[in-house]
Amino acid sequence: MRSLLAALKNGKILVSDGAWGTFLHQRGLPPGECPELWNITHRDDVFAIAKSYIDAGADMILTNSFGGSPLKLEHYGLKNRAEELNEVAAAISRDAAGESHLVLGSIGPTGAVLIVGQVSEQELYDGFFIQAESLKKGGVDAICVETMSAIDEACLAIRAAREATKLEVVCTFTFERTVAGEYRTMMGVSPAEMVHAVKEAGAVVIGTNCGNGFDQMIDIVNEIRKVDRSTPVLVHANAGKPALRDGKTVFPETPEMMAAKVRDLIKSGANIIGGCCGTTPAHIRALANEIKKY
Amino acid sequence: MDDLVEKIGQCVERGKINKTSPYPSDMKGLDGADELTRQALDAAVGPDLILQACNDGMKRIGAKFSRNEVFVPELLMAAKAMKAVMAHLKPFFQSGSVKAKGKFIIGTVAGDLHDIGKNLVAMVVEGNGWEVIDLGVDVKPTKFIEAIKVNPGCAVGLSALLTTTMANMSKTVEEIRAQFPTIKVIVGGAPVTMEAALKMGANGYSPNPQGAVAFLDEVNVPG
């Protein structure tokens, strides 16, 4: 069993992977189709994405299971295939990573809001439990609960993942800059609030992903480091904020632009660096080349 | 009487649904929007006054949301409290003694299944006195067009969260435009900007629900 914490020993900075969703769309996944179903119907394409990040120099890759909770799969009428889709997602990334690289099983939010009673805590917990258990069966080394915005949902996912798998759990939240220049999730959670809650729930690596390019990620890591100096921090940044050009979505930050900010990101306290929406293997290669120097 | 009406507005703003609702914690055990509206109607307070107080309450919470002083949970709870009031006012709408400002058709565009942002806009717009027709998520252009046909004079709101579905949003605006050149269309969602909105031919863009209300009040579609 490979350990993420062990790989981070002695202050080593690790390289993570880049985008999955936007990459799948680029390879032909039509908007509105279930990305996780591609693990079965387009296994070669999913494998190619996973492998491209390993080849680019990533120390770890995630899995094509972001929307693999039964609750999310229900939108596509695939709720009862949750186990299969997650297990295969993990197996594909394991194949690509081989024995030498880490695989983190991706668990994203369900989109349901607990506070207004759209879903019960038990229902959420049970769904995350099934997802995490299946990801472990498929061969992941750790679970990555990502893109969270609500404390209650994130903590349920972390607990379910811990209890289903006993694996190390990473948890990242997505923050936005407020009018006043602070950072909050859409549910109003600050980086400091996230840190306390997710650690208590059992996450051993914390961090932030999506929504922002590297500049704002540096601010967010600074906020995290104000209240926690020791827990490893993972950052998956977007390639900037997307723009629409000639009917096509374009992400403005090039690999070189992102690589130029690695120094400041490490200085702010990040330990694992990778990409989110709009980043490609070229971005990860540029990051890996830069990170090698540290 | 004024006190009762004002309290209803406060319950909407604070998201206090009814007496048993534990939210917000500082109003635990107090009467909520549900009980107070019943009391007001029993005391022969005009439904239009109650509605006005609710609209004011929604306006206040919407303004706080756009200033990032409150976030999605507070807005969702306010909308739930508003719903509790509306349940009591429904008969007055049906009889025609209270009128909506106009009709607003909203939906998340084809290929996109995200509904939190769209729901927030729908709730706040409804809370501000509009009749909202929510077409749901993954709405094809033809479904928007069908809905516009049966609701002449409405305004339309399109939502998208995914960068990949922004292209579908653009296409939807185009198809609506081709059949209804004068209809007012507003777009929004995480990847959307004012620049992108204008480029796709929309009449307006808003990064938050309150902006959608301001847009609708300005274009003032007849009901």
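## Basis of the model

Residues are numbered from 1 along each chain as its sequence is written, and chains are lettered from A and ligands numbered from 1 in the order in which they are written. Because the model is predicted, local features need pLDDT of at least 70 and side-chain atom pairs count only at pLDDT 80 or more, while totals for chains, interfaces and linings use all residues.

## Overall form of chain A

Chain A holds 13 helices and 12 strands; these are DSSP runs numbered from the N terminus, with helices being H or I of at least four residues and strands being E of at least two. The C-alpha trace spans about 45 × 45 × 40 Å along its principal axes.

Of the 294 residues in chain A, 58% are buried, that is, 20 or more other C-beta atoms, placed from the backbone, lie within 10 Å of their own.

## The sheet and its helices

In chain A, 8 strands form an open parallel sheet in the order 1-12-9-8-5-4-3-2; two strands pair if DSSP finds at least two bridges between them. Strand 1 (14–15) and strand 2 (60–61) of chain A are at the edges with a single partner strand each, so one side of each lacks a neighbour in the sheet.

Helix 6 (residues 82–97) of chain A packs on the sheet, where it touches strand 2 and strand 3 (102–107) and makes about 155° with the direction of strand 3. Angles run from 0 to 180 degrees between N-to-C directions, with axes fitted to C-alpha atoms, for helices over the stretch in contact. Strand 8 (residues 205–209) and strand 9 (residues 233–237) of chain A run parallel and are joined by 4 bridges; Thr208(A) has Val235(A) as its bridge partner in strand 9. Helix 10 (residues 214–227) of chain A lies across strand 8 and strand 9, at about 160° to strand 9.

## Contact between the chains

The contact takes 24 residues from chain A and 26 residues from chain B, where two residues are in contact if their C-beta atoms, placed from the backbone, lie within 7 Å. On the side of chain B that touches chain A, helix 4 (72–95), helix 7 (166–179) and helix 8 (194–199) of chain B each supply at least two residues. Helix 4 of chain B gives the most, with 5 residues.

Notes: Buried ≥ 20, exposed ≤ 12 C-beta atoms within 10 Å, placed from the backbone.
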